[in-house]
Every structure is written in structure tokens, then in C-alpha cells.
Amino acid sequence: MTKPVLEFLKNEAGEEEGLGDAGIETFRDAPYASCAREAGQNSRDAAEKLPVRMTFNLFQVPHSDFPCYDRLRDTLIACAAAAEQEKDAEFFTNACAVMNSPQIPVLAIADYNTKGLTGPSDRLGTPFHSLLKATGVSTKESPTSGGSFGIGKNASFAVSDLQTVFYSTVYEDPDSAEGIFAAQGKVKLVSHTDAGGVPRRATGYWGNPDKFRAVTDGTLVPAWMSRTETGTSIFCMGFRETDDWAERMTYSLVSNFFCAVHREEMIFEVASGKIHINRNTLEGLLSREDIRAAADRSGHLSDLEFAEQLYRCLVSANADEQILNISGLGQMRVRILIEEGMPRRVGFIRNGMLITDSLKHFGQALARFPGSRDFVVLVEPVDDGAGRLLKKLENPAHDGFSAQRISDPAKRGAAEAAMRKLGKQLRDLIRETTGVKHEGAVILDELGRFFAEPGKSDTPSDPDAENDPEKYTYDVPRRKRQKRQAQMPAGGHQGGRSATGSGTSGNGGGAGTATGSGSGGIGARGDREVVELRDVRNRIRRDAAGRPRSRVLHFSPEAGGSIELSVQATGVNAPEQLVLTGTDSGTLKGGAVKLEVSEGERCSVTVSFEDSYDGPIEIIAVTRETAEAGA
């Protein structure tokens, strides 16, 4: 039996490797959430039967029970002595402090009801080899699986202050009924020179020293690393422990896997059973205060709230469900829930995990829905064909789709066309389902019994009597011009908009928050005179398919000069600014029209909008400052 050792690759080419490993840096912003998400995805894809069960537990390891403790400590000391950049020096100083502590914190992630990391461990193309030694190689058995042991496997290193991870697995031997055990460790530091003066690369492996192979004898590993049940265990050595690590991982698990948990495809246990995530506890965890607080501290409270809204859409009996048949893609299930307070967003689910809320790379950001009631939409593939294509389009971070990920030009074009069809059909379906229907007049016969019928009489009318409100014609008094603070048609929430770029302030605007300078800013504190518009009319122009293409606006201004014209959608919770993208008069800037008018002279302007909208509108006109008008 050969004793396992830690060995770093020789740096015969003299390559310089720093701590800025691209794979690890990807997950630095949210290490706990990323670690939970990526581990959950890989375990779900390796399912042998459902539900897949996962545990996330923290324990302490003494020096004597830490494999290769002395070699790793000496390597960290050597790297710290040679560190020149401040970032590297800080990392190795902290890593040495962790190694010198009486016990080393370890996060253990284990899955059950999975196939494990099938091998042999030293054979190219197997899941075990791909996890430890492959880069950008897909080994998942299912073409619709969530990942491929690619960049996501580095998330475990992001929560390790030693950037050291150990793996152990038991997988079934196809030639026998017994399981095969395999274990190996991996370290990612910097290129360095060891105590013997030999140049070494940044990557080291713990295991059988013969060709850096895995340990297959379970008696050669510590008890905490052994496994007897089929599945995989991941050990993040020197875990970056915080008081709320369990809550941070929990908000990630419920936010990303609420669909799989609800369908009883996955269950989780966190912090030695402190938190149980299953179908019965899911709804409570999505709204639990300590989970929300952890998500808020991480800057991801909005993600948790969006998942809660999508979960409500998934389970609500009031949600409307339809199947879209998209040519070139396949069948997509769409559930729409119309309910007050919903975010008017779309969530895309694939393989039980939330991916994104946008198709921005296909011309559909799905961020604005003028004239719609509050809603939330959940979209997921129904057939394997749609799932396969979405997997090809999914980025390594699993948070977006793009056809540019396909190398073949013909297949890339077909995929882009299919996704554009999906985006268009989704928007059309949302408009038809959630749009506010407007009627010109409604006769409420059921209220007639509360009002007396006037009846007929031959008696002449009394000149001193009050006028009959049903027969008397009232003259509408002419409104007088008033000065009031104008609604800012194109300004931001925090500061002014500049005509030439971003600016801290503008001529005629208040103070903004961005840097730089600009003219013509519209600030949050800028007062400009509202120009009253008389006899306002508008007419919708439609294209050949009957969709609203543009609007012709007619009005008579009560003041002349330079004005800025904006349009708002009305009829829903609150007026919503409509972004103008085209005009046949004046100039377009910041989603509004700037033009010259004469007092009392009839004006006609044709405008087009960023999003199709055929509901009621309000036209707002404000004066432009002299400096801006002359610019």
C-alpha cells in the first residue's frame, strides 16, 4: 500500500501562476450561495433515484487528522514569503493563521441517491477524472443535465481559505454488485519553489503519488473522508466560517431549487439538521426572517423574493398554464399568475433550477410591460428537445442564454431564430393575458333601481326650478394656466439627465449623483413650468398584423416656445413612463420629444414606443430652459 501524499506539479516551463484563478474568482462575490448552487446542480444531474438528498455540515479537524498537513503548511509559508502583491500577501497570511489554529474548519457536502463520481478515476472522460483534472469537458450522461463539471466545480474552492478541496466517492462497479471507493484532494495556490529548491506550479494533488492518481483503499483515508454508501462527498478545507453561513446557503438552495424541491426531486439538510429543506418547509423558508436577512446582507434579497413569487405561480390554482410550440425549439410550458404585488417578471426554469429572467441576447429583455396588470410568469421546457437546446445556450454561470455559445453558424442562426420566436410569443401571450381591457362606456342596469325614472309631463317647465342634470348641458370652463412642479419625463431617480452625457448637474436641473458634467440636465429638484395642452387627441396606427405600431398625437399648447413632450401609460396601478423611440417632429432624446410650438397653434406629432402598447395614455409637456433650447 502506497501512502497518499500531497505533490505539486513541477514547473519545468517556468510559468508564473497567481491567485487570480478565473474559475474561482467567478464565485468570489457570493461564495456561499455559489457553492450551494453548483453542488446542488451537479448532484441533481447524477441522480440514481429521486429524491436526491444533500447535506451541508460543518465540523473541525485536528492537525493529526488533516491529510498532508505538514506539506500544505510548509507550502503556504513558502508562498507567503515570496508574495509580492498585497492581495497575495493577505491571502497567505490568513491561510497560515488558519493552519496554525488548533483545529481546521471543514465544510462537508454529501449527496445520496446519486450515482457517485463514476470511474475509473484515472480514465479520461469519466466523471471522477473530469471533476479533478479536466477543464471545459462535458461528461454528463443526460444531454439535458444542468452542467458538465466545468467552471462550477471551482465554487467549492471559493469558500476555502486554503483553496484546498478533498473528494471521496463510492460508485457502482458495472462488473460486480459492490461499490468502488475513490478519494483525492486538490490544491490551488500560486507557482512557487519548494523547500528543496524545485520550481512548482500552482496546482497540487493529494493521493497516490504514482501519476497523481486517486486513493482507492478506504483504510488509507481519515474516518471523516470515508464513504460506504453510493454517492459523493466534497470537503472544503479551511472553510470560511461566518455566523450566518447556513442561512446564506439556505437562501441560495431555496431560491434556485424551489421547483425541484416542490416536485420532491431534491431535499436538503443544512448545519447538521438545523435547517431542513423539503416540500413541507419550502414555503416557510422562502419568507423566514433570518433567511431573508442573510440574503439581504449578501445583496440578494430581491432574488429570494423573486423565487418566492415564482413559487407562488408554480403552486397557485389561479395560475393560467399554456404550452407554446416553438419551431426549432420545442414545447415550452408557461404559467402566468396575475396578482397584485407581483413583479411583472419572467423566470426561466431548466432541469428544476432557476436560470434567468431575461432573453436580452435575443432582443427580448422582458423588463417592461406597459399597460399590464401585476403578474409573474414561470417558463420551462416540456420535451427533451427544448431542454437540450437551452443547455447549449446556457452560460457557465447558469444565469443567462446566448446563441453565441454555438460555434456552427447554421445551428447558431437557427437557435437565435427559435429563441426570438419564444420571446415574441411570450410577450404576446403576456399582453393578451395581463393587459387591461378598456371600454368607452358601460351601462350599469343593476343600479337603475336606485334612481327614479323622470317620467313624462305636459306641464311647462318652471323657469325658477333647478335644472334637470340629465337634460341640462354644462359648459366646461376654460382652465387657467398654472405653475406647478413638472413630472420629470426623462430624469432619473437619483439625479439629473444630461444632454451630452452623465453629469452632476445641468442647466435647469437639480444635482445628480453621477460624475462628470453636462448641459440640459433634468434633476430631481428642477422646477419647470407645465404647458397646458387643449383638445388632446391621439390615434393608434397598426401594422399589417394588427399590432400597435405608432401613435399620432394632436394637441394645442397654451404657451409657445421650446417644450419637452413625454407620454405616460395610465389605467393601471400608477402612471408609467413610456419610452419613445421615434418621432416625425422635433428631436428625440432620453425617451422624450423636444420641439418648438406656437401658442394656440394645432400640433400633430407621430411617435413610436419601445414596447407595443395600445392602452390609454397621458401626454405631458413642460417648458425647456433657455440655455437648453438654444443648445
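Mentor: In this predicted model, the side chains of Arg420 and Glu416 meet in a salt bridge, with an N to O distance of 3.6 Å for another pair, Glu25 and Lys87, and 3.4 Å for Arg420 and Glu416 themselves. Arg420 and Glu416 both belong to helix α12, where they stand 4 residues apart, or about one turn of the helix. The general point is that side chains of opposite charge can pair when their charged atoms come close. As for solvent, Arg420 is partly exposed, since its relative accessible area of 40% falls between the 20% and 50% limits. Glu416 has 24% relative accessibility and therefore also counts as partly exposed, the cut-off for buried being under 20%.

The pair of Glu25 and Lys87, with its 3.6 Å from N to O, links distant parts of the chain: Glu25 is in helix α1 (residues 22–25) and Lys87 in helix α4 (residues 86–100), 62 residues apart. Glu25 is partly exposed at a relative accessible area of 29%, and Lys87 is partly exposed at 47%.

A further pair is made by Arg534 and Asp535, whose side chains meet in a salt bridge at 3.8 Å, again N to O. Arg534 is partly exposed, its relative accessible area being 25%. Asp535 is partly exposed too, with 43%.

Salt bridges also join into a network, which links Arg263, Glu321, Arg333, Arg335 and Glu380. The count of salt bridges comes to 31.

Helix α12 spans residues 409–434, and the loop between α11 (384–393) and α12 holds Ser402. Ser402 counts as buried because its relative accessibility is 13%, under the 20% limit. Apart from neighbours within four places in sequence, Ser402 is in contact with His361, Phe362 and Leu393.

At least two lining residues come from each of α2 (31–45), α7 (245–262), α10 (301–315) and β14 (353–356).

Helix α2 is also a way into the backbone features. The loop between α2 and β2 (52–62) contains Pro51, and a cis peptide bond with omega of about 5° joins Leu50 to Pro51. As background, most peptide bonds are trans, and most residues other than glycine have a negative phi. The second part of that background applies to two residues.

Cys68 has a positive phi of about 55° without being a glycine. Cys68 sits in the loop between β2 and α3 (69–82). With 16% relative accessibility, Cys68 counts as buried, since the limit for that class is under 20%.

Gln163 likewise is not a glycine and has a positive phi, near 45°. Gln163 is placed in strand β4, which covers residues 160–172. Gln163 counts as buried because its relative accessibility is 1%.

For the chain as a whole, there are 13 helices and 24 strands. Of its 631 residues, 48% count as buried. The accessible surface comes to about 31100 Å², and carbon and sulfur atoms account for 46% of that area. Among contacts between residues at least 6 apart in sequence, 71% join residues at least 24 apart.

Definitions and conventions:
Residues are numbered from 1 along each chain as its sequence is written. This is a predicted model: local features need pLDDT of at least 70, side-chain atom pairs count only at pLDDT 80 or more; totals for chains, interfaces and linings use all residues. Side-chain values use heavy atoms; hydrogens and water are left out. Buried means under 20% relative accessible area, exposed over 50%, partly exposed in between (1.4 Å probe, protein chains only). Contact means heavy atoms within 4.5 Å. Accessible areas come from the Shrake-Rupley method with a 1.4 Å probe; for residues, only the protein chains shown count as cover. A salt bridge is a side-chain nitrogen of Lys or Arg within 4 Å of a carboxyl oxygen of Asp or Glu.
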